[in-house]
Amino acid sequence: MRGTAIVEHADKVQAALKSSDAARSALVASWQRSSQHRLDPTHRSPPERLTQAELSLARLRIEPLISAAQASLDRLYLAVGGVGCCVLLADRDGVPVERRGAVADDETFHDWGLWTGTVWSEESEGTNAIGTSLVEQRPLTIHRGQHFLSRNTALSCTTAPIYDHQGNVAAALDVSSCRADLTEGFVNLIALAVGDAARRIEAENFRLAFPHARIILPPEVERSPGGMIAVDTDDLVIGATRQARLTYGITRERLERRLPVADIVGGRMHAAEDLDEAERAALHRALARADGNVSAAAQQLGISRATLHRKLNRLGMRRTH
């Protein structure tokens, strides 16, 4: 960026900070936070980078999520890589720990800091898609002159936060480009692709976190990507994604009490709570395993044949033997 352009950008930022726009504009509010971090819009030093040892430690901290993200990162890069974009998966501190990009663009992206180990927190780089998305916990695009630092105003970056299996922000998924000809329409398409990939990563990470659980999509969130609940063999809730937590008011305290899934989602699932229905289902299973033989079924259930007969009569169930 030329000297005059740097000064013009800095003047624009300073004018916005002196106005009342911070109360109405999320962008200016981010610029204000950047200023409070004692950053200067004209600052031109290269971005901070972790050592290889520090990067390895950062990767280790979210290794399960990195593994869950691999297929989605590949798919997202196939969608955007051909138009000069790179894909970054950053940890909750704003440090990219995984990357997809074309070899021909590597030198350019490395110089710009669009590389693993570079610190893109808002505290270090001011307003930028990765850092600001993590602070505000929402998807967003920071396009060129919306960046706080003048040296980043050639970038266009779109980011979505990624939540872990406990509903906490754990990472951020970003698509960045240095191209000056990115249209608003294409940026919107990138935003949709990034959001979809972020939800897929969350879903895969959630499944891996509860490998032995039954994963259900409750009626109220089945059309909302990412709405998932994990239940054990007794239909007690043992986990929920952020979307499901928001929809049903599932708190950490409620999860610790191991509530029946019917108590949380209600509706059609209340039938499973009915004791007669639960008992009828158990008797049907026992009879099926015993090929309809009441004596054998009673032995499986650990009750007498007479007790089983009484239960069958009470529930109106026919027996074949």
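Strand S7 covers residues 229-231, and strand S8 covers residues 237-240. The two strands pair in the antiparallel sense. Three bridges join them. In one of these pairings, valine 231 has valine 237 in S8 as its bridge partner. All of this is read from a predicted model.

Together, S7 and S8 form a hairpin. Five residues lie between the two strands.

## The largest pocket

The largest pocket holds about 270 Å³. Its lining is made of 13 residues. Nearest the centre of the pocket lie Arg61, Ile62, Arg92, Asp164 and Ala170.

Which elements each supply at least two residues of the lining? They are helix H3 (52-61), helix H4 (63-80) and strand S5 (169-177). By residue type, the lining has six nonpolar, two polar and five charged residues.

## The whole protein

The secondary structure consists of 14 helices and eight strands. The chain has 321 residues, and a compact globule of that length would have a radius of gyration near 20 Å. The protein has 27 Å instead. Along the principal axes, the C-alpha trace spans about 95 × 45 × 35 Å.

How much of the protein counts as buried? The share is 45% of the 321 residues. Contacts tell another part of the story. Take those between residues at least 6 apart in sequence: 56% of them join residues at least 24 apart.

Methods:
Residues are numbered from 1 along each chain as its sequence is written. This is a predicted model: local features need pLDDT of at least 70, side-chain atom pairs count only at pLDDT 80 or more; totals for chains, interfaces and linings use all residues. Side-chain values use heavy atoms; hydrogens and water are left out. On a 1 Å grid over the protein atoms alone, a cavity is a set of points where a 1.4 Å probe fits but cannot get out, and a pocket is an open set with protein on both sides within 12 Å along at least five of seven lines; lining residues have an atom within 4 Å of a point. Grid points are joined across faces, edges and corners, and a volume is the space filled by probe spheres set on the points. Helices (H or I, at least four residues) and strands (E, at least two) are DSSP runs, numbered from the N terminus. Ala, Val, Leu, Ile, Met, Phe, Trp, Tyr, Cys and Pro count as nonpolar, Asp, Glu, Lys and Arg as charged, and the others, Gly among them, as polar. Two strands pair if DSSP finds at least two bridges between them. The radius of gyration is taken over C-alpha atoms; the globule rule is 2.2 Å times the number of residues to the power 0.38. Buried means under 20% relative accessible area, exposed over 50%, partly exposed in between (1.4 Å probe, protein chains only). Contact means heavy atoms within 4.5 Å.
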